[in-house]
Each structure stands twice: as C-alpha cells, then as structure tokens.
Amino acid sequence: MQVKIIDHPLIQHKLSLIRDVKTGTKEFRELLEEVSMLMAFEITRNMPLEETVVETPLTTCKCQVLSGKKIGVVPILRAGLGMVNGIVKLIPAAKVGHIGVYRDHETLKPVEYYCKLPTDVAERELIVIDPMLATGGSSAAAIDMLKARGAKQIKLMCLVAAPEGIKTVNDSHPDVEVYVAAVDSHLNEQGYIVPGLGDAGDRIFGTK
C-alpha cells in the first residue's frame with residue numbers, strides 16, 4: 001500500500017475537529033480549507049527552485065524562487081470544492097479544473113458526468129483533491145480522465161482514506177503519489193469510511 005501520511009500536529013488536531021459530529025457547516029468548511037492549505041505545504045515540498053537576485057533595503061542578495069513549474073488543482077465534484085481555496089491561497093497561480101464523478105449507491109461504481117480542465121494539462125503537475133478516498137473508484141476514474149486528456153504528472157490528495165481505496169488507486173495508477181492525513185480502519189457495507197467523518201459533501205454544503 002503506497003501512501004504518504006501527513007501527520008503534522010496541526011493537521012491531526014484540525015482533523016479531529018472535522019471528524020466531530022458536533023462541528024457545524026461553517027466550522028467544517030473553514031477547517032477543511034485550513035487543513036488543505038497545510039497539506040499543500042507537504043505535497044509541494046519538492047517543487048523546483050531557481051536562483052535570482054533581489055535588492056533589499058541594504059544591498060542585493062541571492063535568493064531562491066519557484067522555477068515556474070505549472071501547477072493545476074483538480075477537485076472531484078462536489079466535495080473536492082471544499083479543498084480548493086486552501087490550496088489556491090498558497091499557490092495563487094495554479095489553474096483549477098473540475099471533474100464530476102459520483103458513486104452509484106447501489107453498485108458503488110463511479111459514474112462520470114463532467115470534465116473541464118485547463119488546456120495545458122500535459123504541461124502541469126496536477127493535484128487531484130477529494131476529502132474522502134473510500135472505494136477509490138471515483139479517484140481512479142478521475143485520474144483515468146486526466147490521463148486520457150494528456151496529463152502526465154498527477155498527485156492525489158485526500159483528507160481521510162480507507163485501505164480499500166488506497167489499494168484501488170495503487171493498482172490502477174501505480175505512478176500516482178497518494179497523500180492523506182489519515183488512513184482509517186475499513187469501509188462499511190454502504191461503502192462509507194469507518195470511523196470517517198460522514199458525507200463530506202453534505203457537511204460542506206449543509207445538505208442531507
């Protein structure tokens with residue numbers, strides 16, 4: 001099982017609050033945005049740098065800046081939308097695409113319904129985001145859609161994952177790095193992560 005668990009104390013603290021059934025919609029959205037930003041620090045750790053010269057109030061000095069590597073953020077609708085702002089605040093130049101995949105509640109299989117991406121996905125490092133990695137079907141299908149449109153550099157970032165979902169993505173896309181804040185116990189009969197945090201989309205948008 002290939003997965004990178006981001007176990008920073010701030011992330012784990014905020015994840016505990018996100019899991020709490022007493023956390024309301026407003027707080028849930030804010031916490032999810034904050035955790036997404038914190039996770040983005042780790043997922044962008046190896047972004048390339050180049051040297052530049054900056055003039056300070058006293059003199060000039062050599063500094064490091066990002067080398068211009070293009071980043072794309074691709075939320076899986078609808079719950080992935082709750083993670084976008086945190087990442088874009090950290091990487092304002094990132095372009096945002098959207099992929100619509102939902103899980104059929106009877107078959108638990110992914111159903112595609114929407115895909116709108118930047119025109120230069122082949123030149124970008126894409127970060128696919130979704131709070132939950134449950135069966136893994138939706139994430140694997142989203143990555144399939146990206147690759148079919150020319151994407152070559154893809155990472156998957158989720159808040160909470162089940163072992164089953166990680167295995168599905170690993171088996172389907174062994175070249176894709178998976179980043180999560182926690183790996184939970186298992187999926188229940190309805191395909192929900194246990195202990196999980198409930199339906200992330202419903203908790204973000206206040207629906208049931």
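Which side chains meet in a salt bridge of 3.1 Å, N to O? Select Glu-123 and Lys-70. A salt bridge here is a side-chain nitrogen of Lys or Arg within 4 Å of a carboxyl oxygen of Asp or Glu. Glu-123 sits in the loop between β7 and β8 and Lys-70 in the loop between β3 (60–66) and β4, so the pair ties together parts 53 residues apart in sequence.

Before moving on, note that this is a predicted model, in which local features need pLDDT of at least 70 and side-chain atom pairs count only at pLDDT 80 or more, while totals for chains, interfaces and linings use all residues. Residues are numbered from 1 along each chain as its sequence is written, and side-chain values use heavy atoms, with hydrogens and water left out.

Colour by accessibility next: buried means under 20% relative accessible area, exposed over 50%, and partly exposed in between (1.4 Å probe, protein chains only). Glu-123 is exposed at 52%, and Lys-70 is partly exposed at 33%. Now select Asp-120, in the loop between β7 and β8. Asp-120 is buried at 12%. Leaving aside neighbours within four places in sequence, Asp-120 is in contact (heavy atoms within 4.5 Å) with Lys-70 and Lys-95.

Go to helix α1, residues 9–19. Helices (H or I, at least four residues) and strands (E, at least two) are DSSP runs, numbered from the N terminus. The buried residues of α1 are Ile-11, Lys-14, Leu-15 and Ile-18. They cover an arc of only 110 degrees around the axis, which puts them on the same side of α1; the arc is that of the directions from the helix axis to the C-beta atoms. These residues pack against α2 (25–43), β9 (153–161), β10 (177–183) and α6 (200–205). Lys-14, buried at 18%, forms a salt bridge with Glu-34, with the closest N and O atoms 2.8 Å apart. Glu-34 is in helix α2, 20 residues from Lys-14.

Then select helix α4, residues 137–148. Nine of its twelve residues are buried, so α4 is largely enclosed by the rest of the structure. Among the elements its buried residues pack against are β4 (71–77), β6 (98–103) and α5 (163–172). Just after α4, Gly-150 takes a positive phi of about 105 degrees.

Finish with Lys-147 and Asp-175, whose side chains meet in a salt bridge (2.9 Å, N to O). Lys-147 is in α4 and Asp-175 in the loop between α5 and β10, so the pair ties together parts 28 residues apart in sequence.

Note on methods: The expected span of a helix is 1.5 Å times one less than its number of residues.
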